[in-house]
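Here is a short report on cores, ring pairs and surface. Look at the structure first, then read on.

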Amino acid sequence: MTTNNTLSNSGFVSLVGAGPGDPDLLTVKGLKVIQAADVVVYDRLVSDDILALADRSAEMIYVGKKLDFHCVPQEQINQILVQKALEGKRVVRLKGGDSFIFGRGGEELEELAKFGIKYEVVPGITAAAGATAYAGIPLTHRDHAQSVQFITGHVQKDGREIEWQSLAHSNNTLVFYMGLKQSGHICDKLITHGLAASTPCAIIENGTRYDQRVLRGTLAQLPALASGAKSPALIVIGSVTSLSEKLQWFEQR
């Protein structure tokens with residue numbers, strides 16, 4: 001594919017975060033651009049309710065990914081976005097959660113920029129904020145955590161390890177995305193670097209959806225909890241998770 005700046009001026013791409021699952025958490029701006037789209041390129045975790053907001057005439061292109069399997073390679077997704085924009089289409093790239101938090105949105109925009117394609121970013125509620133809120137887990141709390149960190153459970157391509165020592169603090173909340181398969185490794189590394197085995201933790205499965213499930217335990221129990229959980233799921237580690245039973249509201253409702 002060659003650069004064509006003259007054609008790209010008429011096309012436009014909106015990078016939209018669809019939120020963590022509950023369709024009511026989509027932003028008003030996200031709704032507007034989805035309704036106006038000629039093409040919607042969407043991921044696996046985008047709900048049917050949100051997809052139904054697109055115009056009936058819009059071209060719907062599924063490029064979903066699931067654990068250990070990419071339906072469409074990232075390079076091909078980039079090409080689809082570029083090609084549709086060069087055709088003069090209004091394209092919505094629709095992702096679960098927020099596109100800039102472990103969503104590879106930055107990589108896709110870099111490709112669009114190579115071709116001089118105009119774009120915008122419509123933020124979404126990231127899974128860490130949405131799922132924990134629906135589970136009754138405040139990410140920060142004066143009596144529990146003064147900081148929060150979002151970490152990917154995927155190993156870097158070059159094999160670089162996470163700086164575990166910087167994570168193992170009792171006044172910190174840790175949220176691991178895509179960490180179920182690495183739960184044993186996460187548990188071992190955090191305990192090895194000084195975090196107490198008794199530190200409360202939770203796994204939030206299908207966060208904000210009607211079938212949300214919260215599994216609670218301690219850091220030492222994390223691998224056992226993960227063995228009974230299914231993706232999509234978040235791992236939350238820190239004393240704030242001990243508030244979940246007291247503050248839960250969504251499961252009760």
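## Nonpolar cores

The largest nonpolar core has 22 residues, and Phe176, Ile186, Leu190, Ile203, Leu222 and Ile237 touch the most other members. A nonpolar core is a set of buried Ala, Val, Leu, Ile, Met, Phe, Trp, Tyr and Cys residues joined through side-chain atoms within 4.5 Å. Buried means under 20% relative accessible area, exposed over 50%, partly exposed in between (1.4 Å probe, protein chains only). At least two residues of this core come from each of helix 7, strand 9, helix 8, strand 10 (200–205), helix 9 (222–227) and strand 12 (233–237). Helices (H or I, at least four residues) and strands (E, at least two) are DSSP runs, numbered from the N terminus.

Another core lies apart from it, with 18 residues, among them Val72, Ile80, Leu86 and Leu112.

## Basis of the model

This is a predicted model: local features need pLDDT of at least 70, side-chain atom pairs count only at pLDDT 80 or more, and totals for chains, interfaces and linings use all residues. Residues are numbered from 1 along each chain as its sequence is written, and side-chain values use heavy atoms, with hydrogens and water left out.

## Contacts of two residues

Isoleucine 203 has contacts (heavy atoms within 4.5 Å) that include Leu180, Arg213, Leu222 and Ile235, not counting residues up to four places away in sequence.

Serine 47 sits in the loop between strand 2 (39–42) and helix 3 (48–51). Its relative accessibility is 11%, so serine 47 counts as buried. With residues up to four places away in sequence not counted, serine 47 touches Gly21, Pro23 and Arg209.

## Aromatic pairs

Rings of Phe, Tyr and Trp (its six-membered ring) pair if their centres lie within 6.5 Å; planes under 30 degrees apart count as stacked, over 60 as edge-to-face and the rest as tilted. The count comes to seven aromatic pairs. Tryptophan 164 and phenylalanine 176 are stacked, at 6.2 Å centre to centre and 25 degrees between the planes. This pair links distant parts of the chain, 12 residues apart: tryptophan 164 is in helix 7 (residues 164–167) and phenylalanine 176 in strand 9. Tryptophan 164 is buried at 4% relative accessibility, and phenylalanine 176 is buried at 0%.

Why is the pair of tryptophan 249 and phenylalanine 250 edge-to-face? Their ring centres are 5.6 Å apart and the planes lie at 70 degrees, so the pair is edge-to-face. Tryptophan 249 is partly exposed at 35%, whereas phenylalanine 250 is buried at 14%.
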